[in-house]
Amino acid sequence: MLTFVVLSVLMIVGAVGVITLKQPVHAALSLVATLLTLAVTYVTLQAHFLAAIQVIVYAGAIMVLFLFVIMLLNIQGDQPQPHFRWMQIVAYLTALLAAGAIAATAFLSPRELPNAELMSEALAGGGAAAIGEALFNDFVLAFQLVGVLLLTGIIGAVSLVQRKATQTAKDERELSGV
Amino acid sequence: MLTLNHFLALGAILFAIGLYGLLSRRNLVAILMSVEILLNAILVNVVAIARFNDQAQGDVFALFIIAIAAAEVAVGLALFLNVFRLNGVATVDPLRRMKE
Amino acid sequence: MIDSLLITFLKALLLVLVLLGAFAYMTLIERRLLGRMQHRFGPNRVGPFGLLQPIADAIKSVFKEDIVVSAADKFVYFLAPFISITFALSAFGAIPAGPAGSFFGFNPWIVDLDIGLLYVFAATSMGVYGVFLAGWASNSKYSLLGSLRSSAQMISYEMGLGLSVLGLIMITGTLNLREIVDYQSGAYLLILLQPVAFVTFLISAIAEVNRTPFDLPEAEQEIVAGYLTEYSSIKWALFQMAEYVNMMTGAAFISTLFLGGWRGPRFLDAVVPGISEWPFIWLILKMAIFMFLFIWLRATLPRLRYDQLMRFGWIWLFELAMLSAIVTGAVIAFVL
């Protein structure tokens, strides 16, 4: 219980940091901290495999990509503009409402659910084998589709970024009068 | 006693924080980071529910969510790079032109 | 048998001390060996054979002026070296060094994880942050260039590492490092079953720990030591420490995955019964071979150009690793 409270507080502080810190690199670091705490929470839930994936993919690759773009663009902090202020109030209200609604559903739910101690042998200690079995038997089509999605994502990202490079080459050719 | 409801509440709080960031930030990268918080809020729920129901399916869903997040971030950041190149800033403001 | 929390903590502390001590003497060994390979002596003035040199270096590092760049982002600037060293040290914990209960009745590993292999990957993948943030926080062109290069390199070559172990996981059917070692004692060493993967893994590992010929992030001649440019004194020493600890982790990891880990060759049992089961000694010996290889390469090979490095990785190395994994999968599925 204590572990959970400490982890949740860290996670919430990290998440609040992401949305309040002005310097994007600090915000990104805060998000990394949130993701790592989440990984530790998975460990407390005995989801070791997922915790490792969370760190390798999320913290180790996705967030590095974020930092890369932040540094490439040299993005500075955001100054709130007057004509955008009303959005902030809307955001507050929506967020509060959403939190209230979801928390209410979560706590008012009459169902009594089993606790973590009753976990089966297959899932204890990470359950990489159990996950693999589910992934390649029940979800094999979804797995293939995710593969296609990732490939599409890569091609899309590369083509989006590439366009400018050919444009620069064309500009240079025009400038040099060839 | 730690129950599933605690995890669901944590997920709800994270989701709300992410939602607030998504709506209030103007910096495109910050908005995308808020989306990551939303996804992680869902991950908390999915993993917790899977564990409390003693099933591996939730872990599989979580894997899918992480994979989709990776694709989303790659495409999103590529788009933002183009926004930056066209406008010199990476905020949502220049994108208002799209409605004109 | 699972050790208690206190014992685990004490073992972790001991491991950290051992790794840091090994780091100090690795710097000496490296400089002496480089000296030999370049027909000079290397440091031999402080103490017999220069054995006290690391202590002198440590004192020098600690007492040097700790310069903080005025335009630096102070918090991140301080954080970066600690991130580097923390994740470098934590990666070693999952690697087993002997049979269960052989360390004064305790287990010679810190944690026995079912996903030990992924754990090491996770810890090393976090190491990139130290380098990356160091370059950014220093607020210097050279540092930023160095760190951008290095993060691109480390992310790319992490893929090489991951692809290289795929076949190995298919063969052993486990992610637990202890079980991978046990598999190799029951069947063949995995270097014999996965020779291509071994080579690609070794090359990727060298790139991952930023050693010559892949030490572009530092590249003294072009970008004046890259991300380290603005660091001095103890913070610089922490980065050096992280680099050497990463090298040692890499060496231990390769030995565990491909060379039978902590087990020695069987045929020696005929000479001294049970010698192949002795803890620590075999792992350290195998690590020493790889550490020597790293130093040897540094003395031999010139540094690659950045585009060569990326092209080599993406066009040759990763394809080769993937091909090896596919062939392994096909053999397991159709032949066996």
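Me: Start with α5(C). Where does α5(C) bend, and by about how much?
Reply: The bend in α5(C) is at Leu166(C) and comes to about 30°. Keep in mind that this is a predicted model.

Me: What makes the length of α5(C) agree with that of a helix?
Reply: α5(C) has 32 residues, and at 1.5 Å a residue these should span 46 Å. The C-alpha atoms at its ends are 46 Å apart, so expectation and model agree.

Me: What comes just after α5(C)?
Reply: Gly173(C) follows, with a positive phi of about 70°.

Me: Which helices of chain C supply at least two residues each to the side that touches chain A?
Reply: First the contact itself: 18 residues of chain C meet 16 residues of chain A. On the chain C side, α4 (116-137) and α5 (141-172) each supply at least two residues. The largest share comes from α4(C), with 9 residues. By class, this side of chain C has 15 nonpolar, 2 polar and 1 charged residues.

Me: Why is His39(C) called exposed?
Reply: His39(C) has 6 C-beta neighbours inside 10 Å. The cut-off for exposed is 12 or fewer, so His39(C) counts as exposed.

Me: Where is His39(C) found, and what is its phi near?
Reply: His39(C) is in the loop between α1 (5-37) and α2 (53-63) of chain C. Its phi is positive, near 55°, and the residue is not a glycine. Most residues other than glycine have a negative phi.

Me: Now Val32(A). Why does Val32(A) count as buried?
Reply: Burial requires 20 or more C-beta neighbours within 10 Å. Val32(A) has 25, so it counts as buried. Its place is in helix α2 of chain A.

Me: Which residues does Val32(A) touch, beyond those up to four places away in sequence?
Reply: Val32(A) touches Ala59(A) and Met63(A). Met63(A), with its neighbours within four places left aside, is in contact with Ala28(A), Leu31(A), Val32(A), Leu35(A) and Tyr58(A).

Me: How far apart are Val32(A) and Leu160(A), in sequence and in space?
Reply: Val32(A) and Leu160(A) are 128 residues apart in sequence. Their C-alpha atoms are 26 Å apart.

Me: Which residues have the most contacts inside the largest nonpolar core?
Reply: They are Ala28(A), Ala52(A), Val55(A), Met63(A), Leu14(B) and Val47(B). The core has 174 residues. Helix α3 (residues 48-73) of chain A gives the most to this core, with 17 residues.

Me: How many helices and strands does chain A have?
Reply: Chain A has 6 helices and 0 strands. Its order from the N terminus is α-α-α-α-α-α. Of its 178 residues, 31% are buried. Among its contacts with a separation of 6 or more, 53% join residues 24 or more positions apart.

Me: Which helix of chain A gives the largest share of the side that touches chain B?
Reply: Here 76 residues of chain A are in contact with 64 residues of chain B. The largest share of the chain A side is from α4(A), with 14 residues. That side has 62 nonpolar, 12 polar and 2 charged residues.

Me: How do you know that α2(B) is largely enclosed by the rest of the structure?
Reply: Count its buried residues. They are 19 of the 25 in α2(B), so the helix is largely enclosed.

Me: What makes the span of α2(B) agree with expectation?
Reply: At 1.5 Å a residue, its 25 residues should span 36 Å. The end C-alpha atoms are 36 Å apart, so the two agree. α2(B) is followed by Asp54(B), with a positive phi near 60°.

Me: What ipTM and pTM does the predictor give the complex?
Reply: The ipTM is 0.88 and the pTM is 0.85.

Notes:
Residues are numbered from 1 along each chain as its sequence is written. Chains are lettered from A and ligands numbered from 1 in the order in which they are written. This is a predicted model: local features need pLDDT of at least 70, side-chain atom pairs count only at pLDDT 80 or more; totals for chains, interfaces and linings use all residues. A nonpolar core is a set of buried Ala, Val, Leu, Ile, Met, Phe, Trp, Tyr and Cys residues joined through C-beta atoms within 7 Å. Helices (H or I, at least four residues) and strands (E, at least two) are DSSP runs, numbered from the N terminus. Two residues are in contact if their C-beta atoms, placed from the backbone, lie within 7 Å. Ala, Val, Leu, Ile, Met, Phe, Trp, Tyr, Cys and Pro count as nonpolar, Asp, Glu, Lys and Arg as charged, and the others, Gly among them, as polar. The expected span of a helix is 1.5 Å times one less than its number of residues. The bend at a residue is the angle between axes fitted to the seven residues ending there and the seven starting there.
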